[in-house]
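Have the structure open as you read.

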Amino acid sequence: MPKWQQQRSFWTWGYLSDEPSEAERRTAAERISQRFGRAVEPPPIPALADIELRKPRLRVPDRLDGWVNTDHVERVTHTHGGHPLELLAGLRGEFPEPPDAVAHPRTEDELEATLAWCDEAGHVAIPYGGGTTVVWGVNVPPECESAVTIDLDHLGGVLELDETSRAARIGAGMLGPDLEDALRPHGLTLRHYPQSFPWSTVGGWVATRSGGHYATNHTHIDDFVESIRMLTPRGWWESRRLPGSGAGPSPDRLVMGSEGTLGVITECWLRLQQRPRFRATAAVVFPDWKAGYEATRHIVQAKLWPANLRLLDPAEAEQGAGLDGTRSLLIIGFESGAVPQGAFILEAVAIARSHGGEIDDDAIRIDDGSGKATGRDGAAGAWRDAFIGVNAGLTNGLGLLADTFETAITWDRWPDFDAEVRARVGRALKEVLGDGTRLSCRFTHVYPDGPAPYYSFSGMAKLGGEVAQWQEIKAAATEAVVAAGGTVTHHHAVGRMHRPGYDRQRPELFADVLRAAKRSVDPGGILNPGVLFDP
Ligand SMILES: Cc1cc2nc3c(=O)[nH]c(=O)nc-3n(C[C@H](O)[C@H](O)[C@H](O)COP(=O)(O)OP(=O)(O)OC[C@H]3O[C@@H](n4cnc5c(N)ncnc54)[C@H](O)[C@@H]3O)c2cc1C
């Protein structure tokens, strides 16, 4: 069954089929009990039918009832996004702000009718892709009187393929795996793999400016966007398909990252590429963190453009790849559909070695054209398995407070930035969660002028006190990142969660420009109010 037809879980990432078994939850509970010396048990999971929801505060007009409904399961599964606290609320049966109705328009006409109804009746309209937002991007604002979630799941598909220019017109509701399945027979691929790839959509990626697996060069979805089609309450917005253009400010740039506040993206032309045949991978170990990041800087500044250049600090290299906790690990990967990659990986490894990196020659994997994956064994493979296999349902409800925050900073400020962030967040973790906390960092993306560090933290919360404890730690993290000059997010988006940092970081006049743009396309202010900026 294609992914889009599967029912989403309300307490873990993904679908019902992604939910861990009772036995797996028990094993996870034992591991946590051992780590923190506190006995924990997986809590029961409420039955969907028993979840209490506020009654719908609107009536769906008859003319829309073929695709708009107030069904209980639909409202439950569209209440929360993918942040761990939302999954926890789901597990506890807490759904205080469900959408009053959920729309699944099957055609552009049905979408037009839905948005027109919301605009006329003053219902808040929330565009919804895969619901994997981790920044509170799809929630019903508590202060609104009624809200309709518009799920784009029926507006997917590869609608047109231009093999000459290597681009495709793709429906916004298409999920990552369904897209790659459709492109594979043509020998083509988008190769945009956010960690949420199985559950997130093309429209969601563009609306949030998601970051994929390319660590250098084309890091964000932006780099693949040729043109966008979007419905606003004032009508259609469609840009011209072009490989590049210098004609004034780019209309696509205003849409990318607009997070559902300006319109509903229905289609995009995205740039594709040949499926990779030539691959090369190396996992290089460094004596410490500093040697690792200095090597990374020199590799990215040599403009070799590896597809993967993922540096793990000693803590992360220990947890994810089984190193000894003192050394850092740099996973370097090259890939191409047309050009052998051996020379590039050898050059990158030579730079890494000149900064103290260690790797045996026979551990460098070069595949010249078979199309087989490299980097599935050793430390790189161990880390990959841990990264892909992440399942929030395993530890949900056990008191483990685990989250991430990500940013970007220029190299000149990086070492001080890292020290400052670790000091402030480390202090907050200790004060709020006591002993046994972890704070680690990896680079998810790297630019010639700076890295995109991704911090993970965890510790044991008071059962029932998770939200307040998380808020304290998150506030410290946001303050540390923004005060030290970083961006409040490199790719997780702003949503409602990152507003305090975003409001400080963007020029105030730009906020006026955004508000003016919103007034032009959404005069009633119905689209995702409170996300990104106040209308
Ligand atoms: C486990 C996990 C891992 C993640 N890893 C990554 C990662 O590696 N890189 C990354 O960038 N992000 C990551 N994320 C965050 C999230 O997956 C991305 O923000 C993703 O782009 C959201 O896509 P979605 O289809 O799920 O959108 P949703 O969550 O449904 O929506 C996100 C926002 O976009 C708006 N929106 C959605 N569709 C449309 C549309 N068609 N038109 C207009 N607005 C729309 C929504 O209103 C909302 O504000 C991760 C999340 C999880 C849970």
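Which polar backbone atom is 2.8 Å from a nitrogen atom of the ligand? The backbone atom belongs to Ile 265.

## About the model

The model is predicted: local features need pLDDT of at least 70, side-chain atom pairs count only at pLDDT 80 or more, and totals for chains, interfaces and linings use all residues. Residues are numbered from 1 along each chain as its sequence is written, and side-chain values use heavy atoms, with hydrogens and water left out.

## The ligand and its shell

Two side chains also make polar contacts (a pair of N or O atoms within 3.5 Å; within protein, one must be able to donate a hydrogen and the other to accept it, and residues adjacent in sequence count only if both atoms are side-chain atoms). In Thr 208, an N or O atom of the side chain is 2.8 Å from an oxygen atom of the ligand. For Asn 528, the distance from a polar side-chain atom to a ligand oxygen atom is 3.0 Å. The protein buries 97% of the 960 Å² that the ligand exposes when taken alone, with accessible areas from the Shrake-Rupley method and a 1.4 Å probe; for residues, only the protein chains shown count as cover.

Strand E3 (124–128), helix H6 (202–208) and strand E10 (264–271) each give two or more residues to the shell, and H6 provides the largest share, with 5 residues. Helices (H or I, at least four residues) and strands (E, at least two) are DSSP runs, numbered from the N terminus. In total, 34 residues surround the ligand, and the closest are Pro 127, Gly 129, Thr 132, Ser 196 and Thr 201; a residue counts as near if one of its heavy atoms lies within 4 Å. The shell has 13 nonpolar, 20 polar and 1 charged residues. Here Ala, Val, Leu, Ile, Met, Phe, Trp, Tyr, Cys and Pro count as nonpolar, Asp, Glu, Lys and Arg as charged, and the others, Gly among them, as polar.

## The second largest pocket

On a 1 Å grid over the protein atoms alone, a pocket is an open set of points with protein on both sides within 12 Å along at least five of seven lines, while a cavity is a set where a 1.4 Å probe fits but cannot get out; lining residues have an atom within 4 Å of a point. Points are joined across faces, edges and corners, and a volume is the space filled by probe spheres set on them.

The second largest pocket holds about 940 Å³ of space. Its lining has 33 residues, with Tyr 193, His 213, Arg 376, Arg 384 and Ile 388 closest to the centre. By class, the lining of this pocket has 16 nonpolar, 7 polar and 10 charged residues. H11 gives the most to this lining, 5 residues.

## The cavities

Of the 20 residues lining the largest cavity, Ser 9, Thr 12, His 80, Gly 81 and Gly 131 lie nearest its centre. Helix H2 (72–77) and helix H3 (84–91) each supply at least two residues of that lining.
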